[in-house]
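Me: I'd like to learn how to read charged pairs and surface patches in a protein model. Could you walk me through it?

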Amino acid sequence: MAEKSYDCVVVGSGPGGYVAAIRAAQLGMGTAVIEKDVVGGRCLNYACIPAKAVLRVADVLSEIDEAGDFGINVSGRDIDYPAVVQRRKKVISTLTGGVSGLFKKNKIDYLEGHGALTGAGSVRVGSSKDGDEIDVSKCIVLATGSVKKPIPGTKFGGRVIGTEEAWALSELPSKLVVVGAGASGTEIASAYARLGVRVQLFEALDRVLPTEDADISKLAERGFKKQGIEVHTGTFVENVESHEDRCTFSFGGQDDEAEWLVIAAGRGPDVEGLGLDEAGVKLGEDGFIAVDGALRTSAQGVWAIGDLVPGPALAHKASDEGIIAVEDAAGLETHPIEYVDVPRATFCNPNVASFGLTEEQAREAGHDVTVGKLQYGAVGAGTVYGDRSGLIKIVGDKRYGELVGGHIIGSKATELIQELVNAKLLEGGYPEVARIIHGHPTLSEAVMEAARAADGWLIHG
């Protein structure tokens, strides 16, 4: 006999898991969340949130350093890094405390321990010998996220760390090496370079942010180099060895060393010990849990979301999947996510954000492509706020005026991208964005002008 029973049990309390649990409770399900680490999962405790807390410090420091351009002289600025660490911890505790409060508000039980499937409609909390069995009547949602992966020929340990450890450094190093120039790697490099650390950024592919549009990557690399980051693209890091106080490595026939070497070159689904075989949950050929558009797995009564399943490894994607999963379990009508249109946000400096297809992808897909580009400096706000080099690029299809993709680099790019995403999902196109009245002077006017450029009648340019 199981010791407890619930309508819904969610394994994992990150942005996918805790949102799924709250939505399940709103739908009247008796709900529990199982967490093997700490409430909030990796995102709130080790990844997204601490990353943005440190990046915000770097952003403020950049504003101080650039204050002279605005007629403000700042002398004697210095970094109190222990205070930075304490603020990061406070941000984390505030947000994880908020999640705990939401659990209490929605009468969700929080169960500490390792969660695993034990068969149809049952979950175990704890070890296989001493764990408590739980009966689940409606849905089990797997939301355990991802784990770090080393690059070939390396292993984590000592001075070789992952992104989670990189954001939790107790002291500022003199030199840091980052392997992988995707979103996570460029955020780490951009933050620490602006905090005064010598940073080397390596990417095996031919450009930084290789999944972004090529025009955006080019401008991003230029911005990174202005921050003093040593960028090496098309370069493999080899012969990595950890020592007591440093890490040695080689690249391009050169030997080098740094205090820390951060591997930010990919993650994999955290499926170990979940009991997938026991419950009949199948993996796809890519190693992710196979699901349909409603996030149902091959096992009756089991759903999987977030980094466990295909699609972009993004917290907001996981949250939406959690809502879809429990609404499907409750019998509500749901719709599959169009993953290509999920907004992507990278909080390096300059900010990078995008959705949809790059220009190259759109041409390869056979679209009748039109492109609208506009630098921030073409609208008043770009000059007023001191960012004339930012760029908005809209990729459209001429036949129906369709928004195929949007790509932005510059101040507030991670906020500006949402307008284009919303227009696409509300079945608008670039001609509609071009004719929507935007406030003046705002950076959003540049989005309007880029849409006008795509439509063939750019005003400010």
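Predicted model: local features only at pLDDT ≥ 70, side-chain atom pairs only at ≥ 80, totals over all residues.

Me: Which residue does Lys52 form a salt bridge with?

Reply: The general idea comes first: side chains of opposite charge can pair when their charged atoms come close. Here, Lys52 pairs with Glu187, and the closest N and O atoms are 3.1 Å apart. The two sit in distant parts of the chain, 135 residues apart, with Lys52 in helix H3 and Glu187 in helix H6 (residues 183-194).

Me: Is Glu187 buried or exposed?

Reply: Glu187 counts as buried, because its relative accessibility is 5% and buried means under 20%.

Me: How many salt bridges does the structure hold?

Reply: There are 24 salt bridges in the structure. Another one joins Arg42 and Glu164, where the closest N and O atoms are 3.8 Å apart. This pair also links distant parts of the chain: Arg42 belongs to helix H2 (residues 41-45) and Glu164 to helix H5 (residues 163-166), 122 residues apart. Arg42 is partly exposed, at 24% relative accessible area, while Glu164 counts as buried at 18%.

Me: What about Asp215 and Lys393, how do their side chains meet?

Reply: They meet in a salt bridge, at 2.7 Å from N to O. Asp215 is in helix H7 (residues 214-226) and Lys393 in strand E21 (residues 391-397), so to speak a link between distant parts of the chain, 178 residues apart. Asp215 counts as partly exposed, with 23% relative accessibility, and Lys393 counts as buried, with 1%.

Me: Which residues join Asp215 and Lys393 in one network?

Reply: Asp213, Glu359, Arg363 and Lys373 do; salt bridges that share partners tie these residues to Asp215 and Lys393.

Me: Now the patch. Which residues form a nonpolar patch on the surface?

Reply: That patch is made of Val60, Ile64, Phe70, Ile72 and Val74, and together they have about 410 Å² of accessible area. Take Ile64 as one of them: Ile64 lies in helix H3 (residues 48-65).

Me: Why does Ile64 count as partly exposed?

Reply: Because its relative accessible area is 31%, and partly exposed covers the range between buried, under 20%, and exposed, over 50%. Patch residues need over 30% relative accessible area, so Ile64 at 31% passes that cut-off.

Key. Residues numbered from 1 in each chain as written. Heavy atoms only, no water. Patch = residues over 30% accessible without salt bridge, like charges linked within 9 Å, V, L, I, M, F, W, Y side chains within 5 Å. Areas by Shrake-Rupley, 256 points an atom, 1.4 Å probe, with all protein chains shown as cover. Salt bridge = Lys/Arg side-chain N within 4 Å of Asp/Glu carboxyl O. Helix = DSSP H or I, 4+ residues; strand = E, 2+ residues; numbered from the N terminus. Buried < 20%, exposed > 50% of the residue type's maximum accessible area, 1.4 Å probe, protein only.
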